[in-house]
Amino acid sequence: GWSGHDCSVRCPGAMSAPCSNLGECVEGSCNCFLGFAGTNCSTECNGGAYNPCSHNGLCQHDGTCDCFPGYRFTDCSCECPGGAENVCHGRGACLGSCRCDCRMGFRGTNCSIDCPGGIDAHLNGQRVIIHECNGRGTCDGNGNCICDSGWSGPTCENGPYDWTLVILIALAALFILCLAFALYGMYRKRKRRLSERERKRNARKKLRLKKKGKKSGDKRDRSKKKGKINR
């Protein structure tokens, strides 16, 4: 229970069990055996004495674990999705629950899936995918697009049928048809007017011819009468 060059320094722990018999006393301090921590080595590291911090971290003075990058849980027993060397495929953050919090536009347990129909961009110096599913749907956890109403296709690229062109063509055809009827009506009206004028012109011409013939007859009658008188 004592240490020092003159054995004057007492070791931590009970006199009968210096360093809780779980470490070596040197100059009044305990050098704990692997898997134990604390001033008197009475604290077992998280993960157990035979598997401290799951050999994926460093046991601290209070027995807690300081996990190596890519490992989580109190005993560092969980390797982050994607692997310790490629945590969340570099597309998200590994949470304390050992799950990936993927950045915008990435899906999957390890963020390895790109959402379709998006545009590559950068946010805070990190790659993200914006405008996923062409902005017409939602990318689910499996990287599939759930399209908004009226849209379909793997990237929601197929929209509702656009009737604008059909309507414009129909209106143009209706306009042409109405114009044709109007022109035909004007033609018929003009033709009737010309026919009426021609009829009246012919009637006047006949009337003039009739009057002219009557005058000629009267002149012949007068000539005959005159000839009889002269005899």
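This report describes selected hairpins, backbone angles and surface patches of a predicted model.

## Hairpin of S17 and S18

Strand S17 covers residues 119-123 and strand S18 covers residues 126-130; the two pair in the antiparallel sense over five bridges. Two residues lie between S17 and S18 in this hairpin, and Asn124 in the turn has a positive phi of about 55 degrees.

Ala121 belongs to strand S17 and stands opposite Val128 in S18. Because its relative accessible area is 18%, Ala121 counts as buried, the cut-off being under 20%. Ala121 and Met104 are 17 residues apart along the chain, and their C-alpha atoms are separated by 9.8 Å.

Strand S5 (residues 23-26) and strand S6 (residues 29-32) run antiparallel and are joined by four bridges. Within this pairing, Val26 of S5 stands opposite Ser29 in S6. The hairpin has two residues between the strands, and Glu27 takes a positive phi near 55 degrees.

## Cysteines with positive phi

Most residues other than glycine have a negative phi. Cys41, however, has a positive phi near 60 degrees. This residue is placed in the loop between strand S7 (36-37) and strand S8 (43-44). Cys41 is buried because its relative accessibility is 0%.

Cys53 likewise is not a glycine and has a positive phi, of about 55 degrees. The loop that holds Cys53 runs between S8 and strand S9 (57-59). With a relative accessibility of 0%, Cys53 therefore also counts as buried.

## Nonpolar surface patch

Tyr161, Trp163, Val166, Ile167, Leu168 and Leu171 make a nonpolar surface patch of about 660 Å². Among these residues, Tyr161 is located in the loop between strand S20 (145-147) and H1. Tyr161 is classed as exposed because its relative accessible area is 58%, where exposed requires over 50%.

Helix H1 comprises residues 164-230, and the patch includes Val166, Ile167, Leu168 and Leu171.

## Positive surface patch

One of its members, Arg192, is situated in helix H1.

Key. Residues are numbered from 1 along each chain as its sequence is written. This is a predicted model: local features need pLDDT of at least 70, side-chain atom pairs count only at pLDDT 80 or more; totals for chains, interfaces and linings use all residues. Side-chain values use heavy atoms; hydrogens and water are left out. Two strands pair if DSSP finds at least two bridges between them. Buried means under 20% relative accessible area, exposed over 50%, partly exposed in between (1.4 Å probe, protein chains only). Patches are made of residues with over 30% relative accessible area and no salt bridge: like charges are joined within 9 Å, nonpolar side chains (Val, Leu, Ile, Met, Phe, Trp, Tyr) within 5 Å. Accessible areas come from the Shrake-Rupley method with a 1.4 Å probe; for residues, only the protein chains shown count as cover. A salt bridge is a side-chain nitrogen of Lys or Arg within 4 Å of a carboxyl oxygen of Asp or Glu.
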